[in-house]
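This report describes selected elements of secondary structure and how they pair or pack. The sequence and the structure come first, and the description follows.

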Amino acid sequence: MKYYCLIIMCLSIISIFSCKDENNNNNGNNTVLETQILTDFAHILANPNYQDIQAKANTLRIAIQNLNNLSNEENLNLARIAWRETRSSWEKAEGYLFGPVDDYNYDPAMDDWPVNKVDLDSLLASNNPLTLSDIDALPTSLKGFHPIEYVLFGLGGSKIATQLTTREKLYMVSLSQSLYNTTSDLRNSWDVNQSGNFTNQLINAGNGSSRFATRKEAFILIATSMAEICDEVANGKMEEPLAALDSTLQESQFSHNSTADFKNNIIGIQNAYHSKFFDDGHGLNELIVSKNISLDNKIQSQITTALNSFNAINSNYGLAIHTQVVQIHNAQNAINALKVSLEDDLINFIQTNVHD
Amino acid sequence: MRMKIIYILFVSAFVFILSMCRKPELFPDSSYDERLNGGSQTAFDATSHAFSHEFDGLSDYDLSIHEVGDAAFEQTFITAPANINNGLGTVFNNVSCISCHHKDGKGVPNAGLNESSLLMRISFPGESQNGGSIPVPGYGTQIQDKAVFGKRAEASVNITYSFQTYNFPDGTSYQLQAPNYSLTNLYTPISGNHLLSPRLAPPVFGLGLLEVISESDLVSRQDINDNNGDGISGKANYVWDDFENRKMLGRFGLKANTATILTQVAAAYNNDIGITSYVFPKETNHGQIQHDKLLDDPELADSILNAVKFYVQTLQVPARRNVSDPIIIKGKKIFSDAKCSSCHIPTMTTPVNVAFPQMSNQTIHPYTDLLVHDMGPGLADNRNDFLADGNEWRTAPLWGVGLFETVNYPAYYLHDGRARTLTEAIMWHDGEAANSRNYFAQLSTIDREALLKFLKSL
């Protein structure tokens with residue numbers, strides 16, 4: 001009988017301990033991991049990414065100055081490469097559009113679309129001054145990436161160096177300086193050496209941050225931002241020119257860089273999930289894999305599928321909307337599947353498992 | 001025998017403990033829950049995306065319309081002729097909806113810059129034939145302070161502030177900044193004394209729910225002659241709706257000068273961006289020297305205007321946070337004791353609407369009565385807007401106010417964004433709200449913080 005009592009007592013004790021909600025297994029280790037993920041998101045991903053954008057915008061600025069000084073095909077090509085490089089880094093940062101880039105409108109200042117071609121052509125045809133202060137006063141549809149792209153590449157990417165007018169080059173010099181200044185403001189807004197920087201807000205989420213009352217809020221914002229760029233790529237940037245069969249509705253139409261833009265956006269999502277840019281940090285994936293390995297596998301697999309889907313679109317996007325509709329639909333479907341997992345499964349996971 | 005009893009006791013205890021292992025069930029939405037600011041259309045998101053969630057339960061078709069509207073809300077308009085987003089200006093205040101309503105929220109109280117979200121209404125003293133403001137020749141009733149290339153902005157709006165520091169009885173200081181507005185660089189002279197009224201772009205979530213609150217409910221809350229002697233009147237602003245071609249109850253705009261979401265959206269396209277639509281098919285500068293004279297009106301497809309109207313109509317309201325926090329509960333009581341809730345009505349119920357079940361019979365917490373109140377000379381624009389006189393402003397809905405700092409950092413409050421904190425916003429209250437402001441000012445430090453914490457939970 002004593003054995004029965006002993007067994008029952010043991011079972012009781014086991015059952016009492018097993019009463020804890022299986023989802024509510026937050027502990028000191030989770031707090032450490034969650035804080036580490038946010039820290040790495042800021043230090044391993046966001047800061048290096050924004051520094052990279054700034055550095056590449058500086059290269060673009062110098063390349064355009066060189067083109068202004070000597071307008072030959074080599075310098076034109078170098079400026080175009082610098083534009084694509086800057087664009088590539090920026091599009092990756094669109095995988096997590098929150099914080100100062102949103103608060104202070106750095107996004108539309110750099111990347112508004114469409115280009116106001118009527119006003120741009122009129123401005124270039126006029127005698128209006130084109131100094132930096134003149135450019136800074138222009139509407140966003142006359143500055144940033146796409147007006148530079150319009151002048152640098154021309155309609156259909158057909159511009160040659162000798163076609164560049166003096167005013168076009170002056171315009172680009174000021175545009176590229178303005179772009180560089182904005183990327184510097186953006187980079188500084190995350191720099192821990194600057195007062196009020198966003199890095200400290202993020203890494204101190206739930207621990208004195210005035211922007212994030214909890215770590216959960218920070219993680220949900222990251223996940224929501226990832227899902228939103230999925231929606232924008234699949235259902236906006238890709239869909240609008242496809243639905244209208246109109247290549248002029250694609251964002252980077254002059255450089256034929258649209259497909260690269262789309263893919264870099266998805267790489268940005270991958271970077272946000274792993275907290276990585278040049279280096280790998282502790283990412284959201286580690287939080288998920290510890291509790292729901294199948295969800296982590298699903299998200300990682302969907303990111304890979306989405307990225308690989310672009311390999312099948314092998315002509316420029318303006319042409320592909322006429323000739324590779326199936327491949328485009330496949331890419332859209334892959335991105336939309338990822339979007340559903342991020343906005344449903346991932347956010348639900350965070351809601352359930354992050355407690356602070 | 002004794003062992004048998006012990007055995008039974010252990011078995012009973014074991015069964016009892018096991019029965020307690022059941023996980024708690026979700027609180028059903030159908031039950032009352034004060035977190036549900038928007039009733040069933042409440043978004044549980046306290047991040048910077050909190051104002052941008054679509055209604056739950058939309059059909060696939062309705063969801064697709066919402067998404068079309070969402071995309072259109074963000075589109076930048078450009079100068080005509082263009083094959084996309086055609087028709088900016090020729091004079092305008094900004095280039096897209098999102099440029100002023102950042103993240104479906106509020107704007108930035110400056111003028112003339114790309115991110116500026118403050119516009120200036122202008123009129124001559126008096127009342128027009130339809131009861132509204134008297135337009136100024138060459139300007140209409142709004143200053144467009146930007147222009148497309150080759151045209152002139154109508155004027156530059158200049159804003160300067162004077163600062164005054166005050167102290168609460170506990171010694172805590174606060175500073176109020178009083179704005180001064182003026183116009184320079186007029187593109188054509190204004191003859192006669194004109195009136196100005198600054199307006200900062202307000203958030204756009206929850207408007208669908210505000211639109212369906214019954215007129216009789218709102219009107220029943222009027223007390224124009226303050227018959228109950230509480231110092232608070234409240235007046236419904238009946239306004240002329242150009243599209244409906246009749247007078248209607250004003251609900252939207254900072255002086256409740258617009259009756260419907262459709263008119264509000266179409267008027268914003270027309271006045272703020274210079275885009276014509278089936279509701280307002282003429283440019284605001286029609287007949288003026290800067291008119292584009294193009295035969296491209298209406299510039300906005302009917303379907304896009306309807307989609308943007310539907311988008312705004314179907315944005316959820318963010319949920320309250322930390323409602324069981326004792327300090328917030330205390331702050332809520334102070335809010336009531338201070339009579340803030342006499343105008344910022346905490347709870348309303350929408351009528352039954354079989355055509356739109358998401359908005360039907362919902363208990364919502366808008367913290368507004370949608371009536372206009374005398375807010376005192378400090379906030380007065382001294383410009384009538386239909387029945388709203390120069391001292392009167394619509395009670396601002398407070399749902400979501402606690403997230404302004406999160407969504408639209410840094411946050412600005414009141415009709416022109418002069419208040420940088422909730423404390424400043426409260427201390428600007430005067431007129432009918434003077435007693436509530438004085439109540440707040442006399443609170444202990446702890447109670448004042450409790451009230452502010454309650455507001456930040458909204």
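## A sheet in chain B

In this predicted model, chain B contains an open sheet of 3 strands in the order 4-3-8, and the pairing within the sheet is antiparallel. Strand 4 (142-143) and strand 8 (195-200) of chain B each have a single partner strand and stand at the edges, so one side of each is left without a neighbour in the sheet.

The antiparallel pairing of strand 3 (residues 118-123) of chain B with strand 4 of chain B extends over 2 bridges, and B:R121 has B:Q142 in strand 4 of chain B as its bridge partner.

## A hairpin in chain B

Strand 6 (residues 156-167) and strand 7 (residues 173-184) of chain B run antiparallel and are joined by 12 bridges; B:F163, for instance, has B:Q177 in strand 7 of chain B as its bridge partner. These two strands form a hairpin with 5 residues between them, and B:G171 in the turn has a positive phi of about 95 degrees. Strand 6 of chain B is hardly covered, with 1 buried residue among its 12 residues.

## Helix packing in chain A

Helix 3 (residues 73-93) and helix 8 (residues 145-153) of chain A pack with their axes 11 Å apart, at an angle of about 155 degrees; the two helices are therefore roughly antiparallel to each other, and their crossing is left-handed.

Helix 3 of chain A contributes A:A79, A:R80, A:W83 and A:R87 to the contact, while helix 8 of chain A contributes A:F145, A:I148, A:E149, A:L152 and A:F153. By class, the residues of this contact comprise 6 nonpolar, no polar and 3 charged.

Note on methods. Residues numbered from 1 in each chain as written. Chains lettered and ligands numbered in written order. Predicted model: local features only at pLDDT ≥ 70, side-chain atom pairs only at ≥ 80, totals over all residues. Pairing = 2+ DSSP bridges. Helix = DSSP H or I, 4+ residues; strand = E, 2+ residues; numbered from the N terminus. Axes fitted to C-alpha atoms, helices over the stretch in contact; angles between N-to-C directions. Parallel < 35°, antiparallel > 145°, perpendicular 65-115°, else oblique. Left-handed = near helix turned anticlockwise from the far one by under 90°. Contact = placed C-beta atoms within 7 Å. Nonpolar A, V, L, I, M, F, W, Y, C, P; charged D, E, K, R; others polar. Buried ≥ 20, exposed ≤ 12 C-beta atoms within 10 Å, placed from the backbone.
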